[in-house]
Amino acid sequence: MTFYEWLRSFQAWYDCAGRKQQRLNAAAQGGPVKKIAVIGVGYVGLVTAAGFSDLGNHVVALDIDENKVEGLKAGKMPIYEPGLEEMVERNASAGRLQFTTSYDEAVKNAEFIFIAVGTPEGVDGEADLQYVRSAAISVARAMDGPAILINKSTVPVGTGDWVADIVTEHQPEPIPFAVVSCPEFLREGSAILDFMNPARTVLGSLDKDAAERVAQLHIPLRAPIVITDLRTAEMIKYASNAFLATKISFINEIANICEALGADVKEVKVGMGYDPRIGPHFLEAGLGYGGSCFPKDVKALAHMAEVKGRHPQLLAAVMDINDDRRRLLVDKVRGALGDVAGKRIGLLGLTFKPNTDDLRDAPALEVAERLLEEGAQIHAFDPVGMPHASVLMPQIQMADDPYDLARDSDALVVCTEWNEFAHLDLERIHDLMQSPIVVDGRNIYEPLDMKELGFTYLAVGRGYDANGDPVSS
Ligand code: UDX
Ligand code: UDX
């Protein structure tokens, strides 16, 4: 049987098994309990560990950070992620989820070992693989029987082969193992939901038995499973994130043109989104993409292409457009206030998106930095991001709530679209402000409503001037 024949028969079997599973409607009954190790309890690792334990498996999650592990043992989450605490608590109490700093403890008897350590941006946009390397070495030394190493982290194409070499080199005695790439597609803020309802599971390996066993582990999730080779799986992750980033830069470019021509990008998006070839998702114009994935992944993909002598022109444009977003917002603030020096500016939202505490590549921090450089006094309110932001940027004065932020402000700037900001008492905000100027980097308010309330309101790509009148009429 060729690999592709096997693949087809496997997929037929998978479809059948998936339907049976659906009928049973009991995800946790997907087969015998598996022993799983998860290396790294960051945004991805912790959700992966909690999710697989919730499916009935026995999971030991490891981190080299003792504080995180001690905190988790005491029920304290190292990150803010809706639904995570309850899920960890439930599975830890049931004895299915444990935390450790010991590789021996985590890897002992593990059939599946997920690597979910960080792969931050290194020099020249290249992904920094030092954590993947040290995790692979530690796993190799601790393995006590055959296991499948599954890479969750976003890693350059070819890393799976490299990890296999590292493990072989560092095993005290040869023990059979396979490497499978299973990239994560979890959005912070809805990571639990995404884990339980994936759009697809991508598995890459040249070892078909290993791929099939990892596929079985994912069957309770009832999503299509794409099985391919290692490098292709690694590429699927980069191509997916680069495509989503491209959609965002595309709509941001359209927003700029809308502003110039008096059209409304929010309605353009709705009109475009009904076309199934386009779809309504990832077309929100605003401050551009931030966070721990898109910026570094687009750069890393471009870097991989350049190293091989290719010229990733589209990716370069995607990054250029994104880099401009925060500067353009600051231009708007300056345009509304004149000189920002000495002005009190309040930032509504600090995290890179709502429902997370993550400040990695958060547009708000760059906006704050730029305004501070021009002599503004920066105040901010964020529902969960303030403790960490105060450490990163102590120059920012944190407010008690959005009304405290508005008090005596010369302008408010919406940087993160937390739900609660959409439902503020705007009349009260108006009355508290020194001058009622709102620059909305996320288009959470309606220009005409804001005009009626007496605000000077500047949004993104909405083609209205400061009086709320269409600019082209
Ligand atoms: C993940 C992926 O790994 C990354 O490739 C993807 O693009 C984004 O998501 P994330 O979970 O966000 O990264 O990283 P982070 O929150 O920094 O967590 C990584 C964890 O691994 C940390 O808790 C760190 O202490 C731990 N770690 C790091 C180890 O346990 N061992 C190491 O050697 C290094
Ligand atoms: C992303 C991927 O979506 C996920 O599959 C995984 O690979 C990890 O990286 P995440 O970074 O958590 O998830 O958030 P996401 O919702 O994708 O948003 C990324 C950035 O794009 C945010 O800064 C967000 O504000 C921005 N964005 C998103 C827009 O500006 N417009 C949009 O329409 C959507």
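1. In this predicted model, ligand 1 has 20 residues around it, and those that come nearest are Asp63, Lys68, Val117, Thr119 and Lys296. Sorted by class, the shell around ligand 1 holds seven nonpolar, seven polar and six charged residues.

2. Several polar contacts can be followed from oxygen atoms of ligand 1 to the protein. A polar side-chain atom of Asp63 lies 2.5 Å from an oxygen atom of the ligand, and a polar side-chain atom of Thr119 likewise lies 2.5 Å from an oxygen atom of ligand 1. With Tyr43, by contrast, a polar backbone atom takes part, at 3.1 Å from an oxygen atom of ligand 1. Taken alone, ligand 1 exposes 700 Å², and the protein buries 89% of that area.

3. Which elements give two or more residues to the shell around ligand 1? They are helix 2, covering residues 43-54, and helix 6, covering residues 130-142. In terms of domains, at least three residues of the shell come from domain 1 (3-239), and at least three come from domain 2 (250-458).

4. A separate point concerns helix 9, which covers residues 208-218 and whose buried residues are Ala210, Ala211, Val214, Ala215, Leu217 and His218. As background, an α-helix has 3.6 residues a turn, so residues three or four places apart point the same way.

5. At the start of helix 9, a side-chain oxygen of Asp207 reaches to within 3.1 Å of the backbone nitrogen of Asp209.

Notes: Residues are numbered from 1 along each chain as its sequence is written. Chains are lettered from A and ligands numbered from 1 in the order in which they are written. This is a predicted model: local features need pLDDT of at least 70, side-chain atom pairs count only at pLDDT 80 or more; totals for chains, interfaces and linings use all residues. Side-chain values use heavy atoms; hydrogens and water are left out. A residue is near a molecule or strand if one of its heavy atoms lies within 4 Å of it. A polar contact is a pair of N or O atoms within 3.5 Å; within protein, one must be able to donate a hydrogen and the other to accept it, and residues adjacent in sequence count only if both atoms are side-chain atoms. Accessible areas come from the Shrake-Rupley method with a 1.4 Å probe; for residues, only the protein chains shown count as cover. Helices (H or I, at least four residues) and strands (E, at least two) are DSSP runs, numbered from the N terminus. Ala, Val, Leu, Ile, Met, Phe, Trp, Tyr, Cys and Pro count as nonpolar, Asp, Glu, Lys and Arg as charged, and the others, Gly among them, as polar. Domain bounds come from an automatic or database domain assignment. Buried means under 20% relative accessible area, exposed over 50%, partly exposed in between (1.4 Å probe, protein chains only).
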